[in-house]
Amino acid sequence: MKLKYILIICAAILSSNRTTAQITLDEKETSSVAEVTADKLEKNSTLNPYDSFYGLLPGLSVLQQVEWGANPSLILRGSNSPLIVVDGYVRSLEYISNVEIESVKILKDGAATAIWGQRGSKGVIMVTTKRGKYKSKEISVNYNHGMDFPINQPEMADGYTYALARNEALHYDGLPLQYSQPMLDALRDGSYPDLFANTDWAKEALRNHTTTNQLDITFRGGSEKLRYFTSLSYKNHFGILNEQYTKQERYNSQLRKYELNLRMNMDIDLTPTTLVKWTMFGSIKERTRPKEYTSTIFPLVYNTPSAVYPVKTSGDRWGGNLIYTKNPIATFADQGYFKENPRVLQTDLRIIQDLASITPGLSAELAVAYDNYAVYKEEGAKTYAYEVNTPIANIVTGGDFETISQVYGTDAALSVNCWGMTEQNVRANLEGKINYERTFGQHTLNVNGMYQQEYYSSLGRNNTTKRMAFIGMAEYNFANKYMLDATVAYAGTSRLPNNRYRAYPALSMAWLISKEKFMNGSSDIIDFFKLRASWGQAGNDNIDYELEKAYWASYGSYFFTDGNLQGGGLRESTLPMSDLTLERVNKYNIGIDMRLLKKLSLTADAYIHKYRDALIDAGNMYSSVFGNSVPKQNIGRYDRRGFEMAIEWQDRINKDFNYYIGANISRSKTKVLENGEGFKDYPYMSAKGLPIGQLFGLEAIGYFQDEEDIAQSPEQTFSAVRPGDIKYKDQNNDKIIDSRDVVAIGHSSSIPEWYGGLQLGFEYKGFGLDLIFQGAAGWSKQLNTSSVYRPLQNNTNISMWYLEDKIRWTEKTKDIANVPRLSTLDNANNYQTSTQWLEDGSYLKLRNVNIYYNLPQKWIAPLKMKDCKVYVRGNNLFSLDHISYLNVENMTLNYPDMFSVYAGVNIKF
């Protein structure tokens with residue numbers, strides 16, 4: 001059964017997250033909002049808050065990225081990179097610890113995002129940090145120690161197996177073999193390690209696990225006039241590189257991260273009518289890595305064959321040869337280090353003044369915020385020498401191999417360069433607000449006007465943005481049953497050269513049916529039932545400056561005068577845009593919220609988002625009519641349609657046992673209406689009418705069996721073909737296979753159509769267990785990772801997937817083969833995007849497991865503790881998917897995918 005149907009059944013049969021965790025059942029809410037609160041986040045706590053969101057919020061898809069320090073991709077209702085707002089201001093989540101977060105809300109429909117005007121088209125993630133409480137005092141200490149274990153790693157061929165595969169590939173390429181029998185024997189028995197190595201590069205480069213530590217100390221409480229929340233957090237994380245090689249005399253090139261955060265949130269009742277809210281957050285980090293990027297190091301580890309040379313030769317020099325000049329180990333161990341020190345300071349002040357003395361229900365707010373981010377960098381660089389050993393052998397007599405050795409490169413001393421501050425950005429905000437709220441009998445009215453101003457600037461040219469907005473909001477409530485909200489944001493942005501202001505209206509309404517008289521008889525079954533509907537507009541001002549200007553660009557050179565001197569030339573650059581505007585989206589939403597039997601909660605939404613005037617980048621599109629590149633244009637049009645549902649059951653059997661079970665599911669289906677693609681020779685070549693990110697490729701129909709088969713088939717134009725190469729379908733019947741035979745295959749390769757989560761948990765006499773499963777379906781992957789699925793091509797490696805998991809084409813296996821022949825050449829024909837390499841991207845993962853025990857009060861009371869919890873947590877525990885070796889969500893040769901285990905203790909005083 002397909003995974004998407006499994007997810008649908010789970011959502012329909014099971015019930016979903018806790019009311020405090022995921023489902024918002026607010027009587028006065030008229031828009032589409034989902035929320036997860038601190039109790040749920042803390043159970044899924046990891047070093048990175050982003051990793052706590054998997055499968056929790058309906059409508060928010062979180063996709064893992066496999067890279068050192070990378071955050072997951074966030075997709076809200078099919079839109080990448082929603083706006084992240086912390087305590088009312090645009091800020092990154094990267095520096096926050098989970099212990100600081102009170103709640104996370106996602107604003108999904110037009111009514112919820114309207115106040116964000118020109119930045120609300122992709123949705124908004126609202127993060128609220130914790131604040132103090134009246135007349136209380138609490139100290140919390142949380143410590144955990146974790147280990148990460150690499151998983152989903154490709155298994156590469158050993159030296160002997162690689163040599164056999166390369167000989168086979170050369171044979172089918174019609175080229176001389178590289179390895180003679182004596183050479184193969186030497187690879188198998190290891191008799192000449194300098195010449196014929198058998199190096200397991202992954203085993204040499206990586207250690208078995210990494211370690212992490214996190215300590216959080218929080219103080220929360222307050223008196224009659226002052227409340228406070230203060231947190232001090234320290235984290236460290238040590239990478240997976242082999243310590244045997246990273247520790248050098250003058251430096252350590254291990255991947256390492258250190259982070260120290262301090263947050264202070266204070267609320268002061270300055271007078272009986274004046275409230276002052278002050279926030280300060282500071283963070284200092286240190287991140288170190290080898291001088292080379294991980295995106296260079298890890299592909300080297302997997303793309304370098306085992307047989308080419310040892311890590312170090314018998315002469316104690318790094319191994320190397322004239323083709324594979326970069327030794328994977330030496331690249332991270334002996335080329336130096338790179339260190340950066342980010343510094344973050346965020347502060348804001350808000351004054352709330354009650355003006356009831358003028359008229360009841362009147363109040364005013366004034367807020368300012370200032371954020372500063374800077375990065376200081378340092379690099380230690382050096383070079384290394386490597387030894388190349390070339391064999392000479394008497395093949396006829398089978399004599400011993402003789403060796404010619406030569407050293408290339410130099411062992412240079414470490415040179416340290418302190419670059420100082422290389423990155424900096426500042427963000428300043430000013431906000432003023434007037435609010436009026438009164439109740440007249442059964443009528444409640446809340447009207448407010450707001451002014452916002454934002455300044456953002458970073459180093460470099462064209463990196464300053466200014467925004468200004470005037471916002472009006474009105475909320476009307478009759479008898480707590482009928483609610484109507486209206487919002488208009490008139491917002492401007494400096495990203496537009498002219499006509500910088502746009503209006504973004506929104507309207508939403510709700511009917512609390514459960515309060516109607518005709519529902520009185522069903523109150524024991526349906527205790528909450530609300531119907532919602534909304535419409536709203538939002539924009540997107542994430543555009544470059546000066547798109548409307550024309551430029552000259554350097555182009556080629558020419559020769560002149562008797563001396564035939566060379567001079568540079570200029571050409572007209574990409575044409576300027578005309579009538580630049582902002583993308584605008586109309587969002588329509590209907591939804592219901594229900595609570596049944598006081599234990600079952602449900603929320604469901606259906607929506608349509610219509611995007612217009614999207615900025616289309618023509619990329620390398622070149623017009624032969626006027627001889628220049630096509631400029632960007634505001635012509636993009638596409639629609640998103642979908643639904644979301646979250647349903648949960650939570651119950652307490654007795655005082656000792658309670659449990660919950662829940663699920664959420666969402667579907668987002670996109671349709672491209674206009675993408676500026678230009679004329680297509682055949683309708684099947686067009687992306688219009690198809691999902692965003694729709695995969696296009698050739699339709700593979702088998703493999704050429706012999707030269708006669710090639711002669712009788714349509715001509716394939718990508719590269720010369722031989723028996724064992726992929727045969728493609730001639731879609732237009734012109735007897736030629738070329739780019740005009742490319743059709744839509746599979747699904748979107750960028751956005752899953754289906755996404756869902758399943759949560760289970762219970763607690764019995766202080767012992768508890770929480771599980772979170774998360775899955776996705778309706779997206780496609782291309783198996784195009786070098787060496788793993790594309791072996792030997794242009795001097796790369798070969799994985800056991802190609803040798804054991806699949807049946808490659810040979811003369812003996814031609815009738816049962818499911819991958820093409822081996823080849824050492826570029827072989828553009830076989831590695832076209834096609835159905836040959838198409839794979840279902842669906843998966844189901846156990847994202848988080850939390851096992852804990854609350855120590856009994858009789859044990860901890862003598863130690864003056866309120867609570868003491870010990871726990872073990874696991875993240876990214878297993879995956880059911882269709883991809884062998886790599887992570888289905890991010891199939892790259894980079895920092896390994898990790899399974900994590902944490903053990904910790906949380907004490908409250």
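This is a predicted model: local features need pLDDT of at least 70, side-chain atom pairs count only at pLDDT 80 or more; totals for chains, interfaces and linings use all residues.

Reply: Residues are numbered from 1 along each chain as its sequence is written, and side-chain values use heavy atoms, with hydrogens and water left out.

Me: How many cavities of 30 Å³ or more does the search find?

Reply: On a 1 Å grid over the protein atoms alone, a cavity is a set of points where a 1.4 Å probe fits but cannot get out. Volume is the space filled by probe spheres set on the points, which are joined across faces, edges and corners. Here the search finds 6.

Me: Which residues lie nearest the centre of the largest cavity?

Reply: Lining residues have an atom within 4 Å of a point. There are 18, with W116, R119, N429, Q452 and E454 nearest the centre. By class, 8 are nonpolar, 6 polar and 4 charged. Nonpolar means Ala, Val, Leu, Ile, Met, Phe, Trp, Tyr, Cys and Pro; charged means Asp, Glu, Lys and Arg; the others, Gly among them, are polar.

Me: What is the volume of the largest pocket?

Reply: A pocket is an open set with protein on both sides within 12 Å along at least five of seven lines. The largest has about 1700 Å³ of space. Its lining has 46 residues; K105, I115, M126, K433 and M473 lie nearest the centre. Strand β20 gives the largest share, 6 residues. Strands are DSSP runs of E, at least two residues, numbered from the N terminus. The lining divides into 17 nonpolar, 14 polar and 15 charged residues.

Me: Is Y885 buried or exposed?

Reply: Buried means under 20% relative accessible area, exposed over 50%, partly exposed in between (1.4 Å probe, protein chains only). Y885 is buried, at 17%. D579 is exposed, at 71%. Y885 also has a positive phi, about 80°, and lies in the loop between β44 (867-881) and β45 (897-908).

Me: And L232?

Reply: L232 is in strand β11. With a relative accessible area of 37%, L232 is partly exposed.

Notes: Helices (H or I, at least four residues) and strands (E, at least two) are DSSP runs, numbered from the N terminus.
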